[in-house]
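Thanks, everyone. Let me walk you through the side-chain packing and pairing in this one. Here it is on screen.

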Amino acid sequence: TYGPCPGRRLFNGEVADASSAIPYTRDVLPQLANLLERSNSNSTTPSSDSDCDANQNDATRETRRRRRRVAIPVMDGKTKSMNIEFGDPCPGVTKLLVVKFRFRDEPIHNICRASFREHEDVVLRRSNVFDHQDKISTTSLEVYKDMNGRGSGSNDFEHNTDEDATSRKGWRLQSASSEIVLPLLLPYLLVRQRAQCSLVSKCWRSIVRDWGVASTVDVNDPSFPNFTRSFLRSIIMVSYSSLSSLILNDFTALTREDLHPALPHLQKLKALDISRCTQLDDSTLVLVSEHLADTLEVLYIKGLQRATDEGLIAVCTCCTSLRVLEVSNVPITDKSGIAIGENLTRLEALYCRDNYQLTNDSIDCITARCKELSLLTLWGCVRLRNLAIRHYAAPAGLIMASEPSNIVFLNLWGCHGLLDETADSIGEIPKLRSLIVAECHKLTDKFVEVLSQASSQIQHLNLR
């Protein structure tokens, strides 16, 4: 028979197997018999009248030799495909031919197996593998799929014919196949399943390390119910080449020994959240600045009480590609604020809450120089008196901003020192849509009047 390979999807949507492929399978025994006779006739050498006796002896020896031939070619797949010779029983579906046959000089129970793809040479070969319990006729054919075939030729065929021996020895995936197949499968596996792949063999372990296990490690992920320090170290170790986001907020058990050894190897890390990891300090931020300067774009260090200006200045000086930064509840001063404004000019979002020591000296530098800022939170900056949007007073003199501010969301909740003059500065923000000035006790009706005239584009205003 000749028909679709098992595992292929048929016209009716079913996957071909031993039963569903029967309606699309064709009996090609007569065609094979004609091809075999044609092959035998072409291999017979004609004799001449002058050497009749000698040729008769040669013909006898040729017949005996042919009976013991190891391989009998039936069809050349390079010149004629099986679809042309047998007809296409199932167009658009990959097909395969499998033959069970016996040589006449072999015992009747010695049944050989062979399989051929659509454009492969059909060659019947002797084999030491026999099926003693097979009740199918020696000339019967069956269809099956050879997923490991690589092309036509004798070497590929010999691999296909030894099906029983292979099943007894155990199936082995060649290393070359693993290098192609495993990277295609890894994106569809869970993180734990990818990690388990590294336990299969040395080859798989090498592939998993090259491709990485996880692109995101999140302590809040429900798929990690028992997130421990040892698990963190293990998952990071097998994800050096792939990890882009590391979210460890509120993981209070985290120590420097857990994170510091891994930082030099995380060459693709773009987002790092170590908020409220109370055992980390400036040494962590210094390592971040040394090893993640080229890739880091998002950094959350909220509640790092042991961090100071030293660590944040190191980050701002080296990690100039930062787009999002949160420094809420970190005991920093204007030195860090000025470092943010002078170095992080690509910053798009800045969160500062309860940074009591920041004053206009640093905040004016941020608002005037970070022109890509779209979200700015200065919650609880009680020493803030005004905002400098178009210019600010630097030590070298008055500096004018070259471009208008792009701030869309501005949160000044709890800035008790803000004065009514702030409305004029806020009016210089053309894209502002949301403004929060709740609990700013020094603001009066004058602030609201000026703001309503200067910033008519505001859609949300909180004056509580």
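One term before we start. A residue is buried when its relative accessible area is under 20%, and exposed when that area is over 50%. Anything in between is partly exposed. Keep in mind that this is a predicted model.

Salt bridges, then. There are eight of them. Take aspartate 258 with arginine 229: the closest N and O atoms are 2.7 Å apart. Is aspartate 258 buried or exposed? Its relative accessible area is 4%, so aspartate 258 is buried. Arginine 229 is partly exposed, because its relative accessibility is 35%. Aspartate 258 is in helix H10, residues 256–259, and arginine 229 is in helix H9. That puts them 29 residues apart, so to speak, in distant parts of the chain. The bridge is also part of a network, which links Arg229, Arg233 and Asp258.

Next, arginine 323 and glutamate 297. Their side chains meet at 3.2 Å, N to O. Both sit in loops: arginine 323 between helix H12 and strand E11, glutamate 297 between helix H11 and strand E10. They are 26 residues apart. Arginine 323 has a relative accessible area of 29%, so it counts as partly exposed. Glutamate 297, at 24%, is partly exposed too.

Now arginine 353. Its side chain forms a salt bridge with aspartate 354, at 3.9 Å, N to O. The charged end of arginine 353 also sits over the ring of tryptophan 379, 3.8 Å from the ring centre.

That brings us to the rings. The structure holds three aromatic pairs. Tryptophan 379 and tryptophan 413 are stacked, with 4.9 Å between centres and 15° between planes. Tryptophan 379 is in strand E13, while tryptophan 413 is in the loop between strand E16 and helix H15. What is the burial state of tryptophan 413? Buried, because its relative accessible area is 15%. Tryptophan 379 comes out at 24%, so it is partly exposed.

Phenylalanine 227 and phenylalanine 231 pair edge-to-face: 5.5 Å centre to centre, 75° between the planes. Both are buried. Ring pairs join Phe227, Phe231 and Phe251 into a cluster.

Last, the nonpolar packing. The largest core has 83 residues, and Leu246, Leu410 and Leu412 have the most contacts inside it. Helix H9 gives the largest share, four residues. Leucine 410 touches, among others, Leu376, Leu387, Ile426 and Ile429. A second, separate core has 17 residues, including Tyr2 and Met75.

Terms used:
Residues are numbered from 1 along each chain as its sequence is written. This is a predicted model: local features need pLDDT of at least 70, side-chain atom pairs count only at pLDDT 80 or more; totals for chains, interfaces and linings use all residues. Side-chain values use heavy atoms; hydrogens and water are left out. A nonpolar core is a set of buried Ala, Val, Leu, Ile, Met, Phe, Trp, Tyr and Cys residues joined through side-chain atoms within 4.5 Å. Buried means under 20% relative accessible area, exposed over 50%, partly exposed in between (1.4 Å probe, protein chains only). Helices (H or I, at least four residues) and strands (E, at least two) are DSSP runs, numbered from the N terminus. Contact means heavy atoms within 4.5 Å. Rings of Phe, Tyr and Trp (its six-membered ring) pair if their centres lie within 6.5 Å; planes under 30 degrees apart count as stacked, over 60 as edge-to-face and the rest as tilted. A charge sits over a ring if NZ of Lys or CZ of Arg is within 6 Å of the ring centre and within 35 degrees of the ring normal. A salt bridge is a side-chain nitrogen of Lys or Arg within 4 Å of a carboxyl oxygen of Asp or Glu. Lists of a residue's contacts leave out its neighbours within four places in sequence.
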